[in-house]
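Work through the exercises below with the structure at hand. Try each task before reading its solution.

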Amino acid sequence: MRLDDLVLPESAACSAALEVASAYCSPALLHHSIRSYLWAAAHAAANDIAFDPELLYVASLLHDLGLVPAFDSHTLPFEEAGGHVAWVFAAAAGWPAERRKRVSEVIVRHMWSAVDVSEDPESHLLEFSTSLDISGRGAHELPERLRAEVLEHYPRAGLAEEFVTCFKSQAARKPGSAAASAIGAGIAERISANPLDR
């Protein structure tokens, strides 16, 4: 499997999601979001997982908007805040109510410890891919050549330091959040040991 085998979906909603992510995310978070889709698509191809490419791409690009200053809620966990932003985005894109709900669910569920692929393939794939990109969990499941190509096209650009800072801020202000639990469970140490940063 090569990077050229992974096709980024092209729809009006996908283009708009990329525009939004580019406007609000740092370069490191933007590349993280794009890589998250690519890791997910590669994992799906390798494991014969059927999924909705447009839904997963939009969720991937918008999943960390709750971490950026413009959308960071002081009461909601970042994934819930991001889910609300994605719902509003999807409404503006003309998606029906059920599809708006789905993109919000996928973003919220990417912070779950696991998602059953048979019940929700898009959330399963985003949970897998974001874990891989942030802490390296499951990186060995994807071909080394593919990992190298993706990282060459979408470099990490200081993601580890930025992400730890974001999560520590979330944990301090929202002690009951999944981000706080992750900090307490040693996510910062796992991020620093991520093989993708070697």
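A residue counts as buried if its relative accessible area is under 20%, as exposed if it is over 50%, and as partly exposed in between. Keep in mind that this is a predicted model.

**Exercise 1. Classify Arg-156 and Asp-197, then describe the salt bridge between them.**

Solution. 
- Step 1. Arg-156 has a relative accessibility of 7%, so it is buried.
- Step 2. Asp-197 has 38%, so it is partly exposed.
- Step 3. The closest N and O atoms of Arg-156 and Asp-197 are 2.5 Å apart. A salt bridge needs a side-chain nitrogen of Lys or Arg within 4 Å of a carboxyl oxygen of Asp or Glu, so the pair qualifies.
- Step 4. Now place the two residues. Arg-156 is in the loop between α7 (144–153) and α8 (159–173), and Asp-197 is in the segment after α10 (187–192), so the bridge ties together parts that are 41 residues apart in sequence.

**Exercise 2. Describe how the rings of Tyr-37 and Tyr-57 are arranged.**

Solution. 
- Step 1. Recall what to look for. An aromatic pair is described by the distance of the ring centres and the angle of the planes.
- Step 2. There are five aromatic pairs in the structure. In one of them, the centres of Tyr-37 and Tyr-57 are 5.3 Å apart and the planes stand at 85°, so the pair is edge-to-face.
- Step 3. Tyr-37 sits in helix α2 (residues 27–47) and Tyr-57 in helix α3 (residues 53–62). The pair links distant parts of the chain, 20 residues apart.
- Step 4. Tyr-37 is buried at 2% relative accessibility. Tyr-57 is buried at 4%.
- Step 5. Together with Phe-51, Tyr-37 and Tyr-57 form one aromatic cluster.

**Exercise 3. Which rings lie under Arg-99 and Arg-100?**

Solution. 
- Step 1. For Arg-99, the ring is that of Trp-95. The charged end sits 4.5 Å from the ring centre.
- Step 2. For Arg-100, the ring is that of Trp-87, with 5.2 Å to the ring centre.

**Exercise 4. Describe the whole chain: its elements, its radius of gyration and its burial.**

Solution. 
- Step 1. Count the elements. The protein chain has 10 helices and zero strands.
- Step 2. Compare with a globule. A compact globule of 198 residues would have a radius of gyration near 16 Å, and the protein chain has 15 Å, which agrees.
- Step 3. Look at burial. Buried residues make up 54% of the 198 residues.
- Step 4. Turn to contacts. Among those between residues at least 6 apart in sequence, 71% join residues at least 24 apart.

Note on methods. Residues numbered from 1 in each chain as written. Predicted model: local features only at pLDDT ≥ 70, side-chain atom pairs only at ≥ 80, totals over all residues. Heavy atoms only, no water. Phe/Tyr/Trp six-rings, centres within 6.5 Å; stacked < 30°, edge-to-face > 60°. Helix = DSSP H or I, 4+ residues; strand = E, 2+ residues; numbered from the N terminus. Buried < 20%, exposed > 50% of the residue type's maximum accessible area, 1.4 Å probe, protein only. Lys NZ or Arg CZ within 6 Å of the ring centre and 35° of its normal. Rg over C-alpha atoms; globule rule 2.2 N^0.38 Å. Contact = heavy atoms within 4.5 Å.
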